[in-house]
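Here's a quick briefing on a fold, written for someone who likes to know the cut-offs. Have a look at the model first, then read on.

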Amino acid sequence: MRTLIAQVFTLQDITKLRHAVSEQARSCGLHGPRLDDFVLAVHESVVNAIEHAGGHGRFKLWTVDGVIRSETSDRGAGIPEAYVNGGKRSSDESATGRGIYLIRRLCDAADFHTGPGGTTVLLTMRLPRESGLTASGSMRRIRVTAPGGGPPGRFTA
């Protein structure tokens with residue numbers, strides 16, 4: 001496991017945290033729509049903690065076993081069960097209620113642990129498989145030999 005970000009946050013940290021998550025996820029290989037989806041889902045989890053759980057929380061971002069994961073936790077009163085399942089989109093006229101719905105659709109996995117002592121939102125996104133790169137991002141060394149000591153120019157890897 002490699003921790004990328006671990007910090008507390010408040011309303012003043014939202015933009016900076018969003019940029020840091022984007023930068024770290026990109027450096028881990030997420031790109032395009034999957035990067036945008038993950039960053040938006042993380043943003044929604046942080047905003048929910050700000051709006052509904054006292055204006056602050058704790059955030060952690062890490063990679064492990066080919067995935068990137070985030071954890072947003074707060075000490076609020078918990079999320080009502082009707083919202084936790086996130087299966088139904090709120091009406092277009094509603095000013096709230098879309099965050100959990102979006103989170104569940106944007107990530108490969110979204111787990112909510114909630115109760116009167118607070119909420120933890122765990123988001124998971126599979127990282128693309130590395131092609132030709134080691135975990136450190138450098139090229140893998142391969143040994144190239146001529147079959148049977150044959151003439152130059154005829155190599156197998």
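**Fold at a glance**

Going along the sequence, the protein chain reads β-α-α-β-β-α-α-β-β, with helices (H or I, at least four residues) and strands (E, at least two) taken as DSSP runs numbered from the N terminus. This is a predicted model, where local features need pLDDT of at least 70, side-chain atom pairs count only at pLDDT 80 or more, and totals for chains, interfaces and linings use all residues. Residues are numbered from 1 along each chain as its sequence is written, and side-chain values use heavy atoms, with hydrogens and water left out.

**The sheet**
- Five strands form an open sheet in the order S1-S2-S3-S5-S4, with antiparallel pairing (a pair needs at least two DSSP bridges).
- S1 and S4 (109–115) sit at the edges with a single partner strand each, so one side of each has no neighbour in the sheet.
- Seven bridges link S4 to the antiparallel S5 (residues 118–126), and Ala-109 stands opposite Thr-124 in S5.

**Around Ile-5**
- Ile-5 lies in strand S1 (residues 2–10).
- Ile-5 is buried, at 8% relative accessible area (buried means under 20%, with a 1.4 Å probe and protein chains only).
- Beyond neighbours within four places in sequence, Ile-5 is in contact with residues including Leu-17, Val-21 and Phe-59 (contact means heavy atoms within 4.5 Å).
- Gln-24 is 19 residues from Ile-5 in sequence, and their C-alpha atoms are 8.4 Å apart.

**Whole chain**
- Buried residues account for 35% of the 157 residues in the protein chain.

Note on methods. Buried means under 20% relative accessible area, exposed over 50%, partly exposed in between (1.4 Å probe, protein chains only).
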